[in-house]
Amino acid sequence: MTYDVVIVGGSASGAAASILLRKLGLSVRVIEKLPSASSYKKLCTHFIQPSAVPVLSQLGMAHLAEYDYSVRTRATFITPAGVIDPEGFYGTNSEQCALNLERSVLDLALRQQSQKCGVEISYAERVTDVQCLPQGWELTVEKNREAFSIKARFLIAADGRMSLLARLLGNPLQSYENQRATFFAYCSGIEAPADNRSLFARHKKGMAFLYPLINGRTLLSAYISKETAKQWQEQDVKTNLVEFFACIPEMPTMNNVVFETQVRGYKDYPNLVRQPVYQNVAFIGDAVLSLDPMSGVGCGFALQTAAMLAQAVEATLQQGAINTQLALQTYQHQFDGYFPSHARGIIADALITKDDQGQTSTFRTILNDPELQRQYRDLTGRLILPAAFQNKFLISKIRQNASEQKVLEA
């Protein structure tokens, strides 16, 4: 059988894309290597940025923003210059929030919605070969040691950070150093911050992120130098992780922490970037951008790339058939207008800087301007582009310097 769309990968981006494309009336087949629908990604901050939350409504899954499924949250930044915590939520909409939505909930819900929409999805499958045809693609797939072929008019790579499809097609990989190691742990016994804020703290030893979850649990994640990570592992990782958070006065007390899981993490997690369109194949999610977990964009960018591609396909449908070239050109154009500038900032921030004085000065400028505080939070929520924030920052910095000069002259 030939499908309108075949998607390699059924995690967040692949499942989301399958739902949106099936809603357009297209036949969709998903190839997933994980063993079952209940499988999910274990190492993830599962922080859904406000830029991506609207995609849940497009998927028919707005209920995931309710408390039974996730925690509505906003970012509070603990910096060497003080706490950045502007009133309200994100953007101009007072209801625009981020979500702490665990992958055990999100991934299963996406696959259930995918099947409900009529998407054909099968598990424990692996692509072994892909061939270009005059009218699309033919994939050789292996399952239970048996091989069979699937044909597609439109092919999407959503097979993650180590994308096999990217290797088979030759989509060039750009790798950028990440100088931090990462540790994650799910805990109980920690009081949620006021209004369920998610706390992001910078201090000399690294970065400490705290995410309140449903059922009174908390995710602690630490981003530290690789040398420090090695020391933690040679000692007691759990004790070091708790002490790491306990030394930050603005954090909730860590006196009653109970670890609900082991401490997991990444010793090395370079930033990986590929082309969003290559050999007439669309790449989405981690298959195109897999960035430092510290940025908290993995889930959000997965949903956003899926939605962006689906919109490009919808805009170019002709009598129910995809205009492949135009759809891919549209997706490429929209992708390039949004994602690369965010990726550059994340990649730069993955390099540990020793300029503590410069960082403190930057955050002091932000703290001295309430509007700039809101802009900073919107930037981290991926609602505005870095260039827009940089312009606002420079204008505010000039204004503050001029005001200080007037005080000195007086």
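Two rings of Phe, Tyr or Trp (for Trp, its six-membered ring) count as a pair if their centres lie within 6.5 Å; planes under 30 degrees apart are called stacked, over 60 edge-to-face, and the rest tilted. Ring pairs of this kind link Phe47, Phe77, Phe200, Phe209, Tyr211, Tyr223, Phe363, Tyr376, Phe389 and Phe393 into a cluster. This is a predicted model, in which local features need pLDDT of at least 70 and side-chain atom pairs count only at pLDDT 80 or more, while totals for chains, interfaces and linings use all residues. Residues are numbered from 1 along each chain as its sequence is written, and side-chain values use heavy atoms, with hydrogens and water left out.

**Aromatic pairs**

- The count of aromatic pairs comes to 20.
- One of them is Phe335 with Phe339, a tilted pair with 4.8 Å centre to centre and 35 degrees between the planes.
- Another pair, Phe363 with Tyr376, is edge-to-face, at 6.0 Å centre to centre and 85 degrees between the planes.
- Phe363 belongs to helix 9 (residues 356-367) and Tyr376 to helix 10 (residues 370-380), 13 residues apart.
- Phe363 counts as buried because its relative accessibility is 5% (buried means under 20% relative accessible area, exposed over 50%, partly exposed in between, with a 1.4 Å probe and protein chains only).
- Tyr376 is buried too, at a relative accessible area of 12%.

**A look along helix 8**

- Helix 8 covers residues 324-349, which makes 26 residues (helices are DSSP runs of H or I with at least four residues, strands are runs of E with at least two, and both are numbered from the N terminus).
- From first C-alpha to last, helix 8 reaches 36 Å, close to the 38 Å expected at 1.5 Å a residue (the expected span is 1.5 Å times one less than the number of residues).
- Helix 8 bends by about 40 degrees at Asp336, and Pro340 follows within four residues (the bend is the angle between axes fitted to the seven residues ending there and the seven starting there).
- Its buried residues include Tyr331, Phe335, Phe339 and Ile347.

- Phe47 stands opposite Asn100 in strand 7.

Definitions and conventions. Two strands pair if DSSP finds at least two bridges between them.
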